[in-house]
Amino acid sequence: MLNYDKVRHWPIEEVTQTWTERDSIIYALGLGIGGDPLDATQLRFTYEKDLQAVPTLAAAIAWPKSWMRNPETGIDYLKLVHGEQDTRLFKPMPVSGTVTSKTRVSRICDKGAGKGAIVEQVRDIIDTASGERIAQTRQISFLRGDGGYSESSGASDEPAQGLPGVPERAPDSEFELTSPVQAALIYRLSGDLNPLHADPEIAIKAGFSKPILHGLATYGMAAFAAISACAGGDARRLKRIATRFTAPVYPGETLRFQFWEGSSGQWHMRARVDARDAVVLNNGLIELD
């Protein structure tokens, strides 16, 4: 059973990572960017001339080890799923550099016996040389097997405010992006080597017909779609992207991103795979300067 005190105060390692322009390009290719090599916006992320980094690279680098696998946490790791991701950019994401990440558990919520629990982690991405904070990412993990842990300890934090739903009207803008069939094999070169995304046998044991795309790859696709549809292709304008993961994506699928313009530079977002009539991202929130 989940141990609230140990998980809430788990000493998560700091991680320092250096990346290059080549790494920024590989990350973009793993998102399906470059599928049209004549498209000027796609070339801004896949060719060193005037290169931009996809801002969600901040959520993909300098990851600590999978500490939730440690038996001392009491977490049923096999029933853990990625629930939400939220990244705030305080300055444009560099195309190369060295960063140090500092991660802490910021919230643990018990939804009740049989209903699961939620663990929220906040990770600061800091420029190692200057000490400036480049970004902050907030990840919510849904622990399907750990609901009811607080019945004995009484320890549970207040839930975070939920992401807003999308408007009940036609979207103001749409953008389609196709994930290459080899996307997961490319994306894993950016650091997430979970075999669920590469090994058909492991995917079948996990209940999928074949390897699925990394959730953070779908998230990165959403960032590129928002930059293309709402920010004129300028990645520097993206200040926040938050979303809820609602269904898996398979490499080779086409995603249709839908955007609704709000106020003060905010956009709401949803992503669909029309071929399966599946909503794969929902309650999305984009903030532009």
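Aspartate 86 is buried, with a relative accessible area of 4%. Buried here means under 20% relative accessible area, exposed means over 50%, and partly exposed lies in between (1.4 Å probe, protein chains only). The model is predicted: local features need pLDDT of at least 70, side-chain atom pairs count only at pLDDT 80 or more, and totals for chains, interfaces and linings use all residues. Residues are numbered from 1 along each chain as its sequence is written, and side-chain values use heavy atoms, with hydrogens and water left out.

**Salt bridges**

A salt bridge is a side-chain nitrogen of Lys or Arg within 4 Å of a carboxyl oxygen of Asp or Glu. The count comes to 20 salt bridges. Three of them are listed here.

| Pair | N to O distance |
|---|---|
| Arginine 240 and aspartate 86 | 2.7 Å |
| Arginine 236 and aspartate 234 | 2.9 Å |
| Aspartate 157 and arginine 8 | 3.0 Å |

Take the pair of arginine 240 and aspartate 86, joined at 2.7 Å. Arginine 240 lies in strand 7 (residues 238-245) and aspartate 86 in strand 2 (residues 80-89), so the pair ties together parts that are 154 residues apart in sequence. Helices (H or I, at least four residues) and strands (E, at least two) are DSSP runs, numbered from the N terminus. Arginine 240 is buried, at 10% relative accessibility.

Arginine 236, which pairs with aspartate 234, is exposed at 52% relative accessibility. Shared partners link other salt bridges into one network of Asp86, Arg107, Glu120, Arg138, Arg240 and Glu287.

Aspartate 157 and arginine 8 meet at 3.0 Å. Aspartate 157 sits in the loop between helix 4 (150-153) and strand 6 (173-178), and arginine 8 in helix 1 (residues 4-8), so this bridge ties together parts that are 149 residues apart in sequence. Aspartate 157 is buried at 18% relative accessibility. Arginine 8 is partly exposed at 23%.

**Nonpolar cores**

A nonpolar core is a set of buried Ala, Val, Leu, Ile, Met, Phe, Trp, Tyr and Cys residues joined through side-chain atoms within 4.5 Å. The largest has 58 residues, and Phe257, Phe259 and Ile286 touch the most other members. Helix 7 (residues 215-230) gives the largest share of this core, 11 residues. Contact means heavy atoms within 4.5 Å. Leaving aside residues up to four places away in sequence, phenylalanine 257 touches residues including Phe175, Leu177, Met221 and Leu281. A second, separate core of 15 residues includes Leu2, Val7, Val119 and Leu143.
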